[in-house]
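User: I would like a close look at one part of this model, taken slowly and with its surroundings in view.

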Amino acid sequence: MPAPSLAPFIRARPWLSKLVTPVANMYSNAAGYRQMGLRADDLISEENENVLTALKRLPAKESYDRIYRIRRATQLSLQHKLLPKAEWTKPEEDVPYLGPLLAQIEAEQKEVEQLDTLTVIKAH
Amino acid sequence: MISRSALSRGTQLALRSSGAAKIAQRGFAAAASEKASYEPTNIAGVKVAARDDGGPTTRLAIVAKAGTRYETLPGLTVGLEEFAFKNTTKRSALRITRESELLGGQLSAYHTREALVLQANFLRADLPYFAELLAEVISQTRYTTHEFREEVEGVIRYKQSKVDAAAIALDAAHSVAFHTGLGNPLYPTASTPIGPYLDESNVATYASAAYTKPNISVVADGASQAALSKWIEPFFKDVPSDSQVKLEQSASKYYGGEARIAKIGANAVVIGFPGASLGASQPEVAVLVGLLGGESNVKWSPGFSLLSKVAASAPGAHAHAANFAYSDAGLFTIQISGSAPHVRKAAEESVKALKSIAEGGVAQEDVVKAVAKARFNLLSLSETSGAGLVHAGANLISGGQPLQVAERLKALESVTGDKLKAAAKALLEGKASVASVGDLHVLPFAEELGLKV
């Protein structure tokens, strides 16, 4: 179950979105994961059946790159270092690659639950 | 009429119940109402064959020209078959399954060498739902990567492990008989390299070529014309009428030859000859199948056909004759399976039986029996919904006419002992297609059987 989010509410209102986006970017940069070459979706916790399924569904290249980024970040964390500035994750590179798959799997789960608990009303 | 007292009490009770009473009321002279045959029509560019017997259930099928014969790369037909009723752009595979379960429907997908069949059996009132579903499956399936990896591949691997010696032998016989096209295996075995060819994007491309309006026909058994024309038109309008990708289609040519495949644990021999195609009027072949037979007609007895006698002389083997009819070619086969020494013996005896027919050693009585059997086979094919449905659909997409039962029956009556003799002689003089699968140390070569390859 994902945490409740204000994002859809904000995205639906352009004026609010315009106001909040710079703050959001500042937050993302300040969070520090970009300085270690990670993407936001690399931070999703793996200890979850749905995430594990989503990871299995990643294309081979995406999966390899993800492991590379995580290992590099682990190494940096161990050495108490940051990447050189040129190698930081650029905002345009920081795209959700796991989120959509996860959303799809959660929708599947929800559908299973709905179908398992439906009430049949006979039409004939 | 039998007097009442002559019947046992059980029979009397049965007669009193309504169903039996109706039969009893019908006089002996009254003919049973003939079962309707499939009426071909064209609804909004889709070829439709329908028949309506007024029963409470309906069988609706899409027969697509996408059998193994037409596949552009090995394994695509089975991939497409397993992708049937998977996620579409409108609903998920799970929803499709659950909804049809709730309606009491059955969904199935299967293929022959020429056709891929998506079939739904359901209650008559649910026609709109299933017409929409079938149209959606052929035009809006998503062919996702994860379904291919998680579901389709596994099922294909499982089914590959179930391909038995008899099926391998039949595939090998087709392969030596027709090389490409009809020679493609019906189900690729575990040792067939399909890995490089079979993936979801190739299946999607193949689907776009196969599921076009000229390539499909809709066959309905138990649905009225009015209902069909009402529901097929709106739901099938999204099916494309043409495709960039072309199917593999070249005319079939008979080659003949021999194939020997080593296999542990099971033995089969298939002896094939050029047979009758779907449209051809070769009643001799149908009667020859009846004469050779092999399938028992009565319980507790191997039967009295020539191949039954063969099987009786080699008790560990089972032999039967069949004609595989395709749109432009046919393969007349004798299929034998069992333990290796018995299969060898049965193969030798079968060829002897065929030779005895060619030499005219068949009694008039046997010919009469064979004609009766052939008539039954023909009528049964046209009546039973499974085989008749595929047959009607396959005929429509290949541009032929649906089965003309009356004409065929008349042709069967004209078969005499002499015609059978000539037909068998022609078979033996031509090139045979022989496939042996199993213990090759024991199984015979075509030469040893006295066949030309």
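Which residues touch the most other members of the largest nonpolar core?

Analyst: In this predicted model, the largest nonpolar core holds 66 residues, and those that touch the most other members are Ala169(B) and Val287(B). The largest share of this core, 9 residues, is supplied by helix H7(B), which spans residues 165-178 of chain B. Once neighbours within four places in sequence are set aside, the contacts of Ala169(B) fall into two runs of chain B: Ala268(B), Val269(B) and Val270(B) in one, and Ala435(B), Ser436(B) and Val437(B) in the other.

Val287(B), for its part, is among the buried residues of helix H10(B). This helix covers residues 283-292 of chain B, and 10 of its 10 residues are buried. Just after H10(B) comes Gly293(B), whose phi is positive, at about 50°.

Apart from the core around Ala169(B) and Val287(B), there is another core of 59 residues, which includes Ala93(B), Leu127(B), Tyr206(B) and Ile232(B).

A positive phi of about 50° is also found elsewhere in chain B, at Ala44(B), which sits in the turn of a hairpin formed by S1(B) and S2(B) with 2 residues between them. These strands, residues 39-43 and residues 46-51, run antiparallel and are joined by 5 bridges, with Ile43(B) standing opposite Val46(B).

Technical notes. Residues are numbered from 1 along each chain as its sequence is written. Chains are lettered from A and ligands numbered from 1 in the order in which they are written. This is a predicted model: local features need pLDDT of at least 70, side-chain atom pairs count only at pLDDT 80 or more; totals for chains, interfaces and linings use all residues. Two strands pair if DSSP finds at least two bridges between them. Helices (H or I, at least four residues) and strands (E, at least two) are DSSP runs, numbered from the N terminus. A nonpolar core is a set of buried Ala, Val, Leu, Ile, Met, Phe, Trp, Tyr and Cys residues joined through C-beta atoms within 7 Å. A residue is buried if 20 or more other C-beta atoms lie within 10 Å of its own, exposed if 12 or fewer, and partly exposed in between; C-beta atoms are placed from the backbone. Two residues are in contact if their C-beta atoms, placed from the backbone, lie within 7 Å.
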